Amino acid sequence: MTGTKKQRIDALAESTVDKPEDSGVSLAASAWRRLRRNPAFLVGAVITVLFVAVALISPWLAPHDPAARDLADQVVKARNEIPPAQPGHPLGGDPQGRDFLSRLLVGSQQTLMVGVFATLIGLAGGLVLGTLAGALGGWVDSVVMRAVDVMLSVPSLLLAVSISALFARPSQFTVIIAVAIVQIPIFARLLRGSMLAQRGSDHVLAARSLGVRPGAIVFRHMLPNSLGPVIVQATLVLATSIIDAAALSFLGLGNPDDSVPEWGQMLGGSQQVIDSHPALSFWPAGCIIVVALGFTLIGESLRDALDPKNRR
C-alpha cells in the first residue's frame, strides 16, 4: 500500500509540473502571443503594411504622371463635366483632367511622409520635455507641465490651424511642424508619468544606494523602462497625425502646389464638384479613414497586449 501511494503521489507531481512551453516568458514574448491571436491587430497590420508598401512604390505603380493633364480635352467646366472612367483610367480624371488613380496612389506617399515625420518630431519633443519633467522634478516639472496643460487645453485641430496660420507661406513643411507641435504635449505627459513611476522602483533605489550618477540612472534605468507606453502611443498618434494633416490640407493650409497630390488636398479640391461627382471625395476620404483605422487597431492592440495586467 505504501509503495502504491508513493507512486500515485509521484505521478500527480509529474502531471502538475509546467511544460516547457508554459514556462515563464518575457513581457514582449507574452504580448506577441496575444497579438498573433488578436483579429483586430491582424486586420490593422494588413492595412498598415499594404498602405506603406503602396506608398513606397507608388511612383512605379501609378499608370500616368499625376501632374499631366492627359484628359483635359474631356473637361467641360460650363456643364461641370469631368473625364469618366475609361480604359487606361479606371477612376477617370479630376476637374483638371489629370488621372485620378495616379494621383490617389502618389498621394499616399505624401500622406505617409507627413504622418511619419510629424509623429517623429512630436515624439522627439515629447521625449525631451517628459525626460526633463520626470527626471528633475521640482520647479522644472511644474514649468513644463503647466506649459503642457495650456497646450492640451486647446483642441488639437484648432491649435494646428493656429500654428499653420503663423507661417507666411503654407507648405508641406508647415503642416508637418504644426501637427508635430500638437503631438508634443501628449508624449511629454505620458513619458513624465512613466518616469515618475520609475523613480520609486526597486532598481532605481538600488542604483542610487550604490552611488550611481543621476544621469546614468535616468538614461540607463528610468528612460528605457518608461518608453513602452510612449512607443505604443506613437502608433495611435500616427493615425491622428494623418487625419490632422489631411484636415489642414483640406482647409488650404497645406502645400498650394497641387501638382504634388496629397489625400487631404485632393479631398479639398473635390468639393467644387461633390454634388455631381461624389466619387472624387469618396476615394481620398475612404483612404484616410481606412489607413487611420489600421494604425488605431495596431495601437490599441499593442496597448492591451503590453499591459502586464492582461498576462495569463
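Axes here are lines fitted to C-alpha atoms, for helices over the stretch in contact, and angles run from 0 to 180 degrees between N-to-C directions; helices (H or I, at least four residues) and strands (E, at least two) are DSSP runs, numbered from the N terminus. The model is a predicted one, in which local features need pLDDT of at least 70 and side-chain atom pairs count only at pLDDT 80 or more, while totals for chains, interfaces and linings use all residues. Residues are numbered from 1 along each chain as its sequence is written, and side-chain values use heavy atoms, with hydrogens and water left out.

Helix α4 (residues 100–136) packs with helix α7 (residues 172–199) at an angle of about 35°, their axes being 5 Å apart. The contact of α4 with α7 is made up of 21 nonpolar, 10 polar and two charged residues, where Ala, Val, Leu, Ile, Met, Phe, Trp, Tyr, Cys and Pro count as nonpolar, Asp, Glu, Lys and Arg as charged, and the others, Gly among them, as polar. Residues 173–191 are 100% helix and 0% strand, with end C-alpha atoms 26 Å apart, whereas residues 148–167 are 75% helix and 0% strand, with end C-alpha atoms 22 Å apart.

Of the 13 residues that line the largest cavity, V114, Q172, S249, N255 and E262 are the closest to its centre. The elements giving two or more residues to this lining are α4, α7 and α9 (214–250), and the lining divides into five nonpolar, seven polar and one charged.

Technical notes: 1 Å grid on protein atoms, 1.4 Å probe; cavity = no way out; pocket = protein on both sides within 12 Å on 5 of 7 lines; lining within 4 Å.
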